[in-house]
Amino acid sequence: MNIILFGPPGAGKGTQSQYLVNKLNNYQISTGDILRSEIKNDTVIGKQIINDMNEGKFVSDEIVNQLIEKLIHDPKKKDKFIFDGYPRSLSQAKNLDLLLDSSNQTINHIFFLNVNKDIIIKRIEKRKVLENRLDDELETILKRYDTYMETTRPVLDYYSKNPNFHEIDGTQEIDEITKKIDTFINV
Ligand code: AMP
């Protein structure tokens, strides 16, 4: 089962991804984690993206698409993906369709965790203390939220037509969101 978790930064995608990874024995593709590890390992890509990441801007579609291609084509992981933070632009969504098509896979569920800006700010300020992420400064959070809303709106329109699209109120308690997700995946 391939699942996309969709929603602004701080919506709880990471938490629900972990739940689904454990429950379904799937693999998480978190482009945020992949990009952070490029920076940590000081790779060529890491050097190219560090400024954009720290300022809360999106990394180019070209780089992100390139990083996930190999993962999606790994036969061991076929039909076992939880996408967290990808796709984030219409071009990425279309690229994902092509990559899945070419490896005979589809998207089984798309969960949109909907959370408003005020709650996002509170949640990310808390996370900043726990995880010490450079992009969790208030000004950057606001930038990330606005970038997300601008760039991701067309993706939302694109997926909302899919019969497997489910919008979930992401302001609920973690357990409530998990229960809701469970009712859809039905395993
Ligand atoms: P996240 O951990 O998902 O909140 O992502 C942290 C940052 O990584 C974002 O603010 C972007 O700078 C970058 N990023 C993560 N995923 C993507 C993506 N799919 N496309 C472009 N940039 C991304």
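**Reading the ligand site and the pockets**

The space taken by the ligand is the largest pocket.

Student: Before we start, what kind of model is this?

Tutor: This is a predicted model.

Student: Which residues are closest to the ligand?

Tutor: A residue counts as near a molecule if one of its heavy atoms lies within 4 Å of it. Here 16 residues surround the ligand, and Thr31, Lys57, Gly85, Arg88 and Gln92 are the closest. Helix H2, residues 31-40, gives the most to this shell, with 4 residues. By type, the shell holds 6 nonpolar, 4 polar and 6 charged residues.

Student: How much of the ligand does the protein bury?

Tutor: Taken alone, the ligand exposes 480 Å², and the protein buries 96% of that.

Student: What lines the largest pocket?

Tutor: Its lining has 47 residues, with Pro9, Gly10, Gly14, Arg127 and Arg133 nearest the centre. Helix H6 supplies the largest share, 8 residues. The space in this pocket is about 1,200 Å³.

Student: And what is the volume of the second largest pocket?

Tutor: About 160 Å³. Among the residues lining this second pocket are Arg36, Ile39 and Arg133, and H3 gives the largest share of the lining, 3 residues.

Definitions and conventions
Residues are numbered from 1 along each chain as its sequence is written. This is a predicted model: local features need pLDDT of at least 70, side-chain atom pairs count only at pLDDT 80 or more; totals for chains, interfaces and linings use all residues. Side-chain values use heavy atoms; hydrogens and water are left out. Accessible areas come from the Shrake-Rupley method with a 1.4 Å probe; for residues, only the protein chains shown count as cover. On a 1 Å grid over the protein atoms alone, a cavity is a set of points where a 1.4 Å probe fits but cannot get out, and a pocket is an open set with protein on both sides within 12 Å along at least five of seven lines; lining residues have an atom within 4 Å of a point. A molecule sits in a cavity or pocket if more than half of its atoms lie within 2 Å of its grid points. Helices (H or I, at least four residues) and strands (E, at least two) are DSSP runs, numbered from the N terminus. Ala, Val, Leu, Ile, Met, Phe, Trp, Tyr, Cys and Pro count as nonpolar, Asp, Glu, Lys and Arg as charged, and the others, Gly among them, as polar. Grid points are joined across faces, edges and corners, and a volume is the space filled by probe spheres set on the points.
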